[in-house]
Amino acid sequence: MKKEVEKMKDDVFFDEIQSIWDSHSRRMEDITRLSGGDHHPFNYSYANRKRRRETWCYVLLTFCLVIAAVRWACIMWRYATDTTMLVLSLLVEASFVLMAALCLAFIFGQGRTPIRRLRAELSQLSVSQATYLIMAVVLILPVMSYGHTGDGLTIKQSHTTVLNHTQRVEAVHTITNMLKQ
Amino acid sequence: MNADRHIIEKEFEEMLYDAHSIIFKVCLAFTDQRPENVEDLYQEIACNLWKGWQTFRHECAVKSWVYRVALNTAVNGYHSRHYSDDTRFVPITPDLYNNLTVEVDNEQVSMLYELIARLSAKERKIILLYLDGYSEKEIAEITGKSVPAVKQAIYRIKNKMKKLYEKRSGKNER
């Protein structure tokens with residue numbers, strides 16, 4: 001009984017709110033309809049300029065991501081000490097670049113994608129938030145996945161064989177030959 | 001080419017004037033209702049609508065699309081700037097400003113926006129759509145949430161608004 005009374009009170013309160021909103025909406029329609037009559041020219045050149053600037057922003061962002069990824073690939077290359085790790089690091093880098101590209105497509109892309117809900121969530125991020133997110137994915141995750149030993153960025157080498165320069169070059173040749181076949 | 005562009009621009013202007021009241025309601029709900037801040041957000045939303053208009057494929061109702069763009073722009077924040085004639089995309093007449101100020105000064109309307117202002121950005125999005133008569137399914141599509149999540153949110157927001165109203169009334173009585 002008490003619950004029903006509470007519910008009725010809630011309904012009465014929200015009905016009142018709704019009626020205030022409805023009359024406000026009607027008045028807003030009237031106000032804006034009246035002002036819509038006198039058409040002044042729109043400043044399309046400014047809007048287009050703004051749009052182009054944003055496009056360049058995204059191009060630059062992509063460029064930064066690629067540079068970041070390449071830089072990481074170089075670090076991995078330097079510290080990778082056996083062929084398995086070498087291939088692995090390159091694959092990981094490739095997957096991060098792919099992930100960054102997918103993030104960009106989801107956040108800024110105009111076309112419809114199958115994962116619409118994810119895109120709707122991601123599109124709520126501002127450009128700067130999205131930039132940080134992607135940078136975090138590209139820059140931080142590789143460090144976390146390979147570990148940080150305190151003396152610079154090194155890959156955990158506990159179960160890998162250390163190769164010298166000649167052996168490393170040979171390993172690269174082996175991979176290249178494998179890919180050619 | 002020029003004729004095509006002219007047609008697109010004309011269609012956009014008509015759409016924008018039809019959606020004027022929606023955009024202004026979003027602006028009022030997401031700002032402190034000061035004219036300069038309302039205009040900042042309005043111009044930002046109009047620019048984003050123009051950006052999306054050329055690729056908009058009419059796969060959903062125009063008003064729902066306008067709501068989606070307007071709410072996303074409002075939630076993402078906007079850059080405060082002082083508009084000059086060179087950087088003002090859509091002209092706003094002084095009459096419109098005056099009428100909006102009179103409308104916002106209405107006691108009931110200002111109370112309503114005061115309650116809305118106390119909600120979080122996500123809650124504001126949902127309640128604006130709900131008050132404007134959108135179904136739970138439509139709200140879910142526009143906000144990218146599931147229908148049960150929207151139902152739950154509406155229930156929570158209603159309770160929150162009631163509590164805020166009671167708190168406000170209590171303060172005023174004292």
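This is a predicted model: local features need pLDDT of at least 70, side-chain atom pairs count only at pLDDT 80 or more; totals for chains, interfaces and linings use all residues.
Residues are numbered from 1 along each chain as its sequence is written, while chains are lettered from A and ligands numbered from 1 in the order in which they are written. Local features need pLDDT of at least 70 and side-chain atom pairs count only at pLDDT 80 or more, whereas totals for chains, interfaces and linings use all residues.

**View 1. Chain B and its helices.** Chain B has eight helices and zero strands, where helices (H or I, at least four residues) and strands (E, at least two) are DSSP runs, numbered from the N terminus. Along the sequence the pattern is α-α-α-α-α-α-α-α. Of the 174 residues in chain B, 34% are buried. A residue is buried if 20 or more other C-beta atoms lie within 10 Å of its own, exposed if 12 or fewer, and partly exposed in between, with C-beta atoms placed from the backbone. Among contacts in chain B with a separation of 6 or more, 68% are between residues 24 or more positions apart; two residues are in contact if their C-beta atoms, placed from the backbone, lie within 7 Å.

**View 2. Packing of α1(B) on α3(B).** Helix α1 (residues 2-30) of chain B packs against helix α3 (residues 62-76) of chain B at an angle of about 35 degrees, with the axes 10 Å apart. Axes are lines fitted to C-alpha atoms, for helices over the stretch in contact, and angles run from 0 to 180 degrees between N-to-C directions. The crossing of α1(B) past α3(B) is right-handed (left-handed if the near helix is turned anticlockwise from the far one by less than a right angle, right-handed if clockwise). Residues in this contact include Met15(B), Ala19(B) and Phe30(B) from α1(B), and Val62(B), Tyr67(B) and Leu71(B) from α3(B).

**View 3. Crossing of α6(B) and α7(B).** The axes of α6(B) and α7(B) come within 10 Å and cross at roughly 140 degrees. The two helices α6(B) and α7(B) are therefore oblique to each other; angles under 35 degrees count as roughly parallel, over 145 as roughly antiparallel, 65 to 115 as roughly perpendicular and the rest as oblique. α6(B) passes α7(B) in a right-handed crossing. On the α6(B) side, Lys125(B), Ile126(B), Leu129(B) and Tyr130(B) meet Ile139(B), Ile142(B) and Thr143(B) of α7(B).

**View 4. The buried side of α7(B).** Within helix α7 (residues 136-143) of chain B, the buried residues include Ile139(B), Ala140(B), Ile142(B) and Thr143(B). They lie on the same side of α7(B) because they cover an arc of only 170 degrees around the axis, the arc being that of the directions from the helix axis to the C-beta atoms. Gly144(B) follows α7(B) and has a positive phi, near 75 degrees.

**View 5. Surroundings of Lys125(B).** Lys125(B) belongs to helix α6 (residues 121-131) of chain B. With 27 other C-beta atoms within 10 Å, Lys125(B) is buried. Not counting residues up to four places away in sequence, Lys125(B) touches Leu71(B), Val75(B) and Thr143(B). Lys125(B) and Ile142(B) are 17 residues apart in sequence, with a C-alpha to C-alpha distance of 9.5 Å.

**View 6. Confidence in chain A.** Chain A has six helices and zero strands. Its mean pLDDT is 64, and 23% of its residues reach 70 or more; pLDDT is the predictor's confidence in each residue, from 0 to 100.
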